[in-house]
Amino acid sequence: MLFWSIVAAVCLAVAILLGGTIIGLVDHRGSITVSPSEAEAFNRVVAQTRYAESGDPNRPVTLRGTGLLPTAWQYRETAWGNGLLRVWQTVSTLQTSVAALLTLLTCLLCVLLVRLFALSHVRMVAARIATEVALGLRRSIHRQAMRLGPSDLEGHVQQEMSIDLFTNTVSRVRDGLSSYLSKALVEVAVAVLMLVPMLVIDWRLALQCLVPLAAIAYLLATEQQRRREIRRLAEAEADAELRPLADALRKTRLARAYNMEEFEHRQFQSRLERYSDEVLRGWLGETWSLRSSRMLVLVFSAAVVFLLVARTLTDLQPLSAGLVWTMASALFLFGLAGVRLWDIWRTRRDCEIAADRVYRYLAEAPEVSQAVGAKFLNPVSSSIIFESVSYRYNERTLLDRLDLRITAGTRLALVSDDPLVARAVAYLLPRFIEPHSGRVLFDSEDIAWATLESLRAEAVYVGASDPFFTGTVFENLSCGESKYTLQDVTEACKTAHAHKAIAALPNGYETQIGEHGESIPVGLAFRIGLARAVLRNPAVLIIEEPTTRLHEDDKALIDDAYQRVLKGRTAILLPTRLSTIRSCQQIAFLGDGTVIAQGPHEELVRSNEPYRHWEYVHFSSFSRQQRSS
């Protein structure tokens, strides 16, 4: 990519020189007048006989149609003119005007084509590199999301962050990197190579022009920064005025109730005028800044024109029209390269900021990791014990030295005024989260020393709103594992009362579901989640019921599915229905980070006031009416 960037810049420099040479050819038309004092040197350097045959050695002789000879002869004392003179002597097509014009135009076209090819190649390579970097970042984000995601108790904080990083932030990194790689090297090479024709033509004039150019570039950069600050401050102040205006739209009932329409209208009008003034002030500030920038450009342009014209009007080796054009074009492209490099630097900064967000996310340590020397965990056969477990989430203490014993084969409901408390207890079982102190024991074995694979094979979590992967129903149930056949999947779905509904889908088990697939009702989605868990035959099943109101048919199917699915298993449920609570053998009522009461539902309703109040708040006829409304 470096090679082709240099090639593109060199082609631009050559194109500028060819353009200036063409303009010079059109200006002098190949005519050159040789004075008698120059005759000997002219014949010796040019090796022509036409001057000697002119007849009168004391009179100037004008030769016509000599192609590039006038330009080469005028600047023969410079490196540029000397080189052009040698080329004129070597290439015969440059020795006549029409052939020289055709040759120069052909060379210019070829050079521009090579430049276009080089730029295209640079952009293609830059895009490929940026895309590969973006793919690598997205792979890393996906892996990190798999590591960090399970510890998100609220189910959306980490997801939203990872999705934003995966889509928007990585796209900004890719676009910024592609722009930087495709432009930075080219513009640096252009800036360097534009100095060459200026210095070759007249290094003193070049330095005279570069001084105001540098001053104007500095002033433009400063003014551009100030313009951005003006816009940012104006937008912030305008937003501060706009928020109260929007809040006024929420006060209509209060204003009408207390006959405050006139007062509220005056307040609204005053704030609206202040908002308009702030917006107008921002626009005026930016407009004046833009005008200042344009004035600076005009001043620089006038200074350059003066220097070039003054140099042309002097008697001491004046510049031809072609060289003036070459010098002016080189100066313009040099300044343009500087402006683009400034923008590229800003793009790089934005890209670095976006990349830093990604790398900070990737550097986060997962809450749960597999211990060195972890061993295989056998299915629970005796009990599950929470031993003085404490857990904090977002500076909140959800569990505080919690002690809980669950007998194997028991159906237990975890209920709490704060759903996050019950969810934290449930998340500890498959080690989606890690206790900050205390232990969780399966048959006296600390699950922190078990392999995650064996633990999560024996403790399966069925979420209330688990999403579907993009794929078929069969793929979502088997999770891509080839060991499960269609018959295995079908039997699991029959056990969870999902088979008939799945068979009724357009393509049965081959129906596409997920983000762009068939829409699945909440009740059926939950039963598919149950079937996915049953397919793995775990010893411990953790079920979080949907909070969405279910159809009566779905409720009946789920209740019957529980009788089939939970038989012979240790079941921990996070219920949202009273029928589920009543079907559990034990209720663990959680509060203040610990177990307030534990026992059957009927017993807790009779003996425990906090639980009775909780049951009334959530399941009384009045609360059901409130939820349904």
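Eight bridges connect strand S3 (residues 383-393) with S4, and the two strands run antiparallel; strands here are DSSP runs of E with at least two residues, helices are runs of H or I with at least four, and both are numbered from the N terminus. Within this pairing, phenylalanine 386 has leucine 404 of S4 as its bridge partner. The two strands belong to an open sheet of four strands, ordered S4-S3-S6-S7 and paired antiparallel, where two strands pair if DSSP finds at least two bridges between them. Strand S4 (396-407) and strand S7 (445-446) form the edges, each pairing on one side only. Helix H10 (residues 419-428) lies across S3, S4 and strand S6 (437-442), and runs at about 55° to S4.

The model is predicted, so local features need pLDDT of at least 70 and side-chain atom pairs count only at pLDDT 80 or more, while totals for chains, interfaces and linings use all residues. Residues are numbered from 1 along each chain as its sequence is written, and side-chain values use heavy atoms, with hydrogens and water left out.

Turning to helix packing, helix H1 (residues 2-28) packs with helix H9 (residues 321-362) at an angle of about 155°, their axes being 7 Å apart. Axes are lines fitted to C-alpha atoms, for helices over the stretch in contact, and angles between N-to-C directions run from 0 to 180 degrees. The angle therefore makes H1 roughly antiparallel to H9 (under 35 degrees is roughly parallel, over 145 roughly antiparallel, 65 to 115 roughly perpendicular, and the rest oblique). From the H1 side, the residues that meet H9 include Leu12, Ile16, Leu17 and Ile23, and among their counterparts in H9 are Trp325, Thr326 and Leu333. By class, this contact of H1 with H9 has eight nonpolar, six polar and one charged residues; Ala, Val, Leu, Ile, Met, Phe, Trp, Tyr, Cys and Pro count as nonpolar, Asp, Glu, Lys and Arg as charged, and the others, Gly among them, as polar.

Threonine 472 lies in strand S9 (residues 471-472). Its relative accessibility is 5%, so threonine 472 counts as buried (under 20% relative accessible area; exposed is over 50%, partly exposed in between, with a 1.4 Å probe and protein chains only). Beyond its neighbours within four places in sequence, threonine 472 is in contact (heavy atoms within 4.5 Å) with Tyr509, Glu510, Thr511, Gln512 and Ile513.

For the chain as a whole, the secondary structure comes to 20 helices and 14 strands. Of the 629 residues, 43% are buried.
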